[in-house]
Amino acid sequence: MNLWFTEYQNENLIIGCRLSKTLHYEKTPFQEIMVVDTVQFGRMLLLDDVIQTTVADEFVYHEMITHVGLNTLPEPRRVLIIGGGDGGSVREVLRHRSVEKVTLVEIDRGVIEAAKKYLPEISCGLEDPRAEIVIDDGIRHVKENKNTYDMIIVDSTDPVGPAEGLFGADFYRDVYGALTESGLFVAQSESPFFNRDLISRIIGNVRSIFPVVRLFLANVPTYPGGLWTFTMGSKKHDPLEVDTGKIAPLGTKYYSPGLHRACFVLPPFVKELLK
Ligand code: AG3
């Protein structure tokens with residue numbers, strides 16, 4: 001079949017995938033939701049024509065956005081995920097025995113429903129008794145819940161549309177307030193090739209609020225450029241001081257004790273963004 005999906009990264013670059021089936025299309029008050037089957041990456045979730053996750057490579061992103069931060073904390077108990085309605089981050093957080101409750105705050109109920117119906121291997125954690133689902137704006141949630149979470153994960157879309165406010169200094173200040181005394185947050189922070197100004201701005205903003213700021217990398221083949229950044233802001237614990245020999249095996253496919261250290265080793269062109 002010669003049916004293709006194309007994501008316009010900008011006017012000069014498209015990412016294309018051959019489709020074998022289109023399963024779902026819906027326009028919600030927030031965005032357009034699409035679920036398709038691709039030949040190369042299996043089932044794929046798209047929001048406003050931007051690839052969010054695929055069955056073939058979702059493990060990289062979901063393991064890295066969760067375990068690097070969780071294993072930096074001695075005993076994380078309460079975790080908040082902002083966005084991430086597909087449930088992949090919830091599934092990974094639940095691998096940690098110390099976690100008593102993981103709260104997912106997703107603005108668009110449609111994403112959760114589509115994921116439950118079409119992406120069971122990603123959304124399975126949403127049914128867990130330790131998972132709580134709240135349909136609300138994450139920006140409001142962190143303003144209204146002070147000193148509550150040991151870790152906050154910002155599993156957002158790109159900084160256009162509903163997620164725009166999740167990349168600004170005001171939001172990071174509220175994240176600081178919503179964290180417990182020695183908490184930390186991790187946010188997906190886009191491509192070091194195509195979003196350089198944004199990443200520098202994020203780092204600057206987070207540095208003005210958190211004492212420990214770290215940038216780390218993972219390789220997500222379906223995102224523009226493949227190489228992807230995550231930003232951590234921490235009140236106390238430094239991921240580089242973790243004794244990686246003591247990290248309990250989690251049965252992960254990308255994250256590992258070695259990667260816990262290695263993901264912070266940045267090529268010079270990425271390190272430059274921290275200046
Ligand atoms: N969040 C989307 C990350 C950004 C993807 N950007 C892009 N493809 N241009 C992923 C949500 C998965 N839980």
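Biologist: Which strands does helix α3 lie across?
Modeller: In this predicted model, helix α3 (residues 109–118) lies across β2, β3 (32–38) and β4 (42–47), and runs at about 20° to β3. Helices (H or I, at least four residues) and strands (E, at least two) are DSSP runs numbered from the N terminus, contact means heavy atoms within 4.5 Å, and angles, from 0 to 180 degrees, are taken between N-to-C directions of axes fitted to C-alpha atoms, for helices over the stretch in contact.

Biologist: What should I know about numbering and cut-offs?
Modeller: Residues are numbered from 1 along each chain as its sequence is written. Because this is a predicted model, local features need pLDDT of at least 70 and side-chain atom pairs count only at pLDDT 80 or more, while totals for chains, interfaces and linings use all residues; side-chain values use heavy atoms, with hydrogens and water left out.

Biologist: What is the strand order in the open sheet of five strands?
Modeller: The order is β1-β2-β3-β4-β5, with antiparallel pairing, where two strands pair if DSSP finds at least two bridges between them. β1 (3–10) and β5 (50–54) are at the edges with a single partner strand each, so one side of each has no neighbour in the sheet. Neighbouring strands here are turned by 45° against each other on average, direction ignored.

Biologist: How many bridges join β1 and β2?
Modeller: They pair in the antiparallel sense over seven bridges, β2 being residues 13–27, and Tyr-8 has Ile-14 in β2 as its bridge partner.

Biologist: Switching to the sheet of seven strands, which are its edge strands?
Modeller: That open sheet, with mixed pairing, runs β8-β7-β6-β9-β10-β12-β11, and its edge strands are β8 (131–135) and β11 (212–219), each of which pairs on one side only. Within it, β6 (residues 78–83) and β7 (residues 101–106) pair in the parallel sense over five bridges, with Ile-81 opposite Leu-104 in β7.

Biologist: And which strands does helix α1 touch?
Modeller: Helix α1 (residues 58–70) packs on this sheet and touches β6, β9 (149–155), β10 (179–188), β11 and β12 (227–234), its direction making about 155° with that of β9.

Biologist: OK, the ligand: how many residues surround it?
Modeller: There are 14, and the closest are Ile-51, His-62, Asp-86, Asp-155 and Asp-158; a residue counts if one of its heavy atoms lies within 4 Å.

Biologist: What are the distances from ligand nitrogen to side-chain N or O atoms of Gln-52 and Asp-158?
Modeller: For Asp-158 the distance is 2.8 Å and for Gln-52 it is 3.3 Å, both being polar contacts, that is, pairs of N or O atoms within 3.5 Å. The protein covers 98% of the 400 Å² of accessible area that the ligand has on its own, as given by the Shrake-Rupley method with a 1.4 Å probe.

Technical notes
Polar contact = N/O pair within 3.5 Å; in protein donor to acceptor, adjacent residues only side chain to side chain.
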